[in-house]
Amino acid sequence: MCVHNRYMSDFQSLLGIEIDDAEIDEVLTEMGMGVLSMSAEGVPYGVPLSFGYDGDDRLYFVFLDASTELRKERYAEQGDTASFTTFDVDPDGSWRSVIVAGSLDRITIDEWDTAREAMADNAYQSNLFSTYEIQENTNVWALTIEERSGRAVGQQ
């Protein structure tokens, strides 16, 4: 084995293996936190957020923000596509990660029950959402998953 191939082999093990749709669903169901990435006018913006997963093709986010800047909303409204990354790292160094991408849209009031249920099931600190009441101007967003991928290293 030449030196180049040996290093590539070592590096390849760090990249992990692709995981299937069932494991992607498992990661999205078990993790309650990740990073939502959006872009507006060529400027990227990533924000850590808690999320709910409906078990099928949608992630839900509540933009709780006390600032008057409304940066998340501005980026969400201006971008065509958003991506979301979540991951799980064990103390032994094994990990799994999932990246999904799709359109990001503000939900309507009639979608609130579905969104709240998804967030109650797996969002980080989901107890915050049980008391959050929907208003005329909802600040709940749904990412409709159009692409999904996942990788794992050292997971059984």
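This is a predicted model: local features need pLDDT of at least 70, side-chain atom pairs count only at pLDDT 80 or more; totals for chains, interfaces and linings use all residues.
## Strand 2 and its partners

L36 stands opposite F84 in strand 6. Strand 2 and strand 6 run antiparallel and are joined by three bridges.

On strand 2 (residues 33-40) there is also a pairing with strand 3 (residues 43-50), again in the antiparallel sense, over eight bridges.

## The overall layout

Stepping back, the protein has five helices and eight strands. Read along the sequence, they follow the pattern α-β-α-β-β-β-β-α-β-β-α-α-β.

The protein has 156 residues, and 38% of them count as buried. Among contacts with a separation of 6 or more, 70% are between residues 24 or more positions apart. The protein exposes about 9200 Å², with carbon and sulfur atoms supplying 50% of that area.

## One side of helix 2

Which residues of helix 2 are buried? In this helix, residues 21-30, they are I24, V27 and L28. They cover an arc of only 95 degrees around the axis, which means that they sit on the same side of helix 2.

The buried residues of helix 2 pack against several elements, including strand 5 (58-62), strand 6 (82-89), strand 7 (95-106) and strand 8 (140-153). Strand 4 (52-53) and helix 4 (112-122) are also among the elements they pack against.

Leaving aside its neighbours within four places in sequence, L28 is in contact with F51, Y53, L59, T86, V98, V100, N122 and I145.

## The nonpolar cores

L28 turns up again in the largest nonpolar core, which has 27 residues. The residues with the most contacts inside this core are L28, L36, M38, L59, F61, L104 and L143. Two or more residues come from each of helix 2, strand 2, strand 3, strand 5, helix 3 (71-78), strand 6, strand 7 and strand 8. Which element gives the largest share? That is strand 8, with four residues.

## Aromatic pairs

The count of aromatic pairs comes to four. One of them joins F61 and F84: the ring centres are 5.2 Å apart and the planes are at 55 degrees, so the pair is tilted. F61 lies in strand 5 and F84 in strand 6, so this pair ties together parts that are 23 residues apart in sequence. Are these two residues buried or exposed? Both F61 and F84 are buried.

F63 and W141 form a stacked pair, at 5.4 Å centre to centre with 20 degrees between the planes. Because F63 lies in the loop between strand 5 and helix 3 and W141 lies in strand 8, the pair ties together parts that are 78 residues apart in sequence. F63 and W141 are buried too. Finally, ring pairs link F51, F61 and F84 into a cluster, and F84 brings us back to the residue that stands opposite L36.

Note on methods
Residues are numbered from 1 along each chain as its sequence is written. Side-chain values use heavy atoms; hydrogens and water are left out. Buried means under 20% relative accessible area, exposed over 50%, partly exposed in between (1.4 Å probe, protein chains only). The arc is that of the directions from the helix axis to the C-beta atoms. Contact means heavy atoms within 4.5 Å. Two strands pair if DSSP finds at least two bridges between them. Accessible areas come from the Shrake-Rupley method with a 1.4 Å probe; for residues, only the protein chains shown count as cover. A nonpolar core is a set of buried Ala, Val, Leu, Ile, Met, Phe, Trp, Tyr and Cys residues joined through side-chain atoms within 4.5 Å. Rings of Phe, Tyr and Trp (its six-membered ring) pair if their centres lie within 6.5 Å; planes under 30 degrees apart count as stacked, over 60 as edge-to-face and the rest as tilted.
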